[in-house]
Amino acid sequence: MIKLYVKEIKPAEFDFLPLDWTGVFGNTNPLIVEIGFGSGEYLLELAKRYPEKNFVGFEVSITSMKKANNRLKDLNNVRLVITDARFGMREFFGPRTVEKVIMNFPVPWDKKSHERRRVIVPEFFDTLANVLVDGGTFELATDVRWYAERTIETGVEKGYFELVEFVENPDREVKTRYERKWLSYGRDIYSVTLRKVKHVEVERLIGGHHEMPHIKCQVDESKFSELPGKVFKEGAKVVVIKGVYKSVDGGAYILKVISADGDFQQHYYLVAYPDEGEWIIKLDSASNPYRTPAVKWSVKAIAKFVGE
Ligand SMILES: C[S@@+](CC[C@H](N)C(=O)[O-])C[C@H]1O[C@@H](n2cnc3c(N)ncnc32)[C@H](O)[C@@H]1O
């Protein structure tokens with residue numbers, strides 16, 4: 001997992017989640033979040049127009065992140081985070097801390113096999129109804145009519161949001177790159193604004209300290225060769241062992257792991273090495289995943305499998 005920021009957030013600040021955004025920005029200005037900021041042009045325009053607000057952007061594409069980072073690096077009121085916004089919105093912000101969340105032209109992921117990547121799932125609206133201040137808004141712009149309609153249905157269904165407006169072909173002052181593209185193709189554009197009317201409690205996966213367990217145990221070394229391809233499951237936690245490698249000196253095993261907490265996947269390495277007659281199994285120091293339940297559990301699941 002890689003994290004880049006326009007202004008660096010000190011690693012120590014990530015030891016505790018949700019983040020203290022007042023400390024990160026050095027002021028108590030209202031927070032506005034953009035999900036999937038692409039090349040960052042929209043964020044740049046907003047951040048310049050509203051210096052009295054703080055902006056946080058989420059993106060999953062490293063290429064977009066680099067472009068946006070170059071564009072935004074001189075602005076003090078913007079921070080960029082590379083992570084899935086469905087995870088970041090819930091884990092990085094406390095209840096009633098965000099004034100507005102904006103999402104411009106998300107990929108709709110309309111194929112059944114891609115549905116898991118869609119942002120506007122019911123759990124996302126639970127998160128929004130938690131992190132938005134009372135009366136805070138979610139603003140969507142899209143070229144996909146059903147996506148706009150689904151956003152309204154899902155947001156309003158549970159009584160957490162009310163529809164402020166649904167506009168076909170709005171005259172938006174600031175246009176994004178995709179917006180200009182779809183307009184040049186003659187596509188219709190839809191904008192939706194939802195207002196939070198009910199607060200909802202959500203369970204955060206991390207919360208509090210970002211510590212990681214390590215395990216000391218006896219192991220049956222022959223079991224390491226059985227690990228590649230193994231899948232461990234418990235509740236919403238899934239851990240897949242993609243590979244097992246021996247260190248150059250032959251003393252340690254490096255395990256390539258993918259873990260998932262529901263739809264949130266992370267890739268990282270664990271290490272197992274002998275120590276005073278026992279073995280230590282822990283996160284490899286070169287890996288830095290968020291310490292979710294699945295990441296913590298992966299150490300235990302592997303220790304149980306190779307343990308004697
Ligand atoms: C179609 S582009 C739109 C970019 C920009 N908002 C615009 O309108 O020009 C969608 C962007 O959302 C990003 N994205 C997709 N899923 C995401 C997620 N779960 N969290 C954060 N960003 C995401 C993609 O990497 C991509 O850059």
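**One residue, then the whole**

A: V56 counts as buried because it has 28 C-beta neighbours inside 10 Å; a residue is buried if 20 or more other C-beta atoms lie within 10 Å of its own, exposed if 12 or fewer, and partly exposed in between, with C-beta atoms placed from the backbone. This is a predicted model, in which local features need pLDDT of at least 70 and side-chain atom pairs count only at pLDDT 80 or more, while totals for chains, interfaces and linings use all residues. Residues are numbered from 1 along each chain as its sequence is written.

Q: Where is the place of V56?

A: V56 belongs to strand β3, residues 54–59. Strands (E, at least two residues) and helices (H or I, at least four) are DSSP runs, numbered from the N terminus.

Q: Leaving aside neighbours within four places in sequence, what is V56 in contact with?

A: V56 is then in contact with L31, V33, R79 and V81. Contact requires the C-beta atoms of two residues, placed from the backbone, to lie within 7 Å.

Q: And how far apart are V56 and V33?

A: They are 23 residues apart in sequence, and their C-alpha atoms are 4.7 Å apart in space.

Q: Turning to the sheet, what is the order of the strands?

A: An open sheet of 7 strands runs β4-β3-β2-β5-β6-β8-β7, with mixed pairing. The edge strands, each pairing on one side only, are β4 (78–82) and β7 (161–168). Two strands pair if DSSP finds at least two bridges between them.

Q: In which sense do β7 and β8 pair?

A: They are antiparallel, over 7 bridges, and β8 covers residues 190–196. Within β8, Y190 is the bridge partner of E168.

Q: Now the ligand: how many residues surround it?

A: The ligand is surrounded by 21 residues, the closest being G36, G38, A85, T176 and Y178. A residue is near a molecule if its C-beta atom, placed from the backbone, lies within 6 Å of it.

Q: Which element gives the largest share of that shell?

A: That is α7, with 3 residues. At least two residues of the shell come from each of β3, α4 (85–92) and α7 (177–184).

Q: Finally, how many helices and strands does the protein chain have?

A: The chain has 8 helices and 15 strands. Buried residues account for 34% of its 308 residues.
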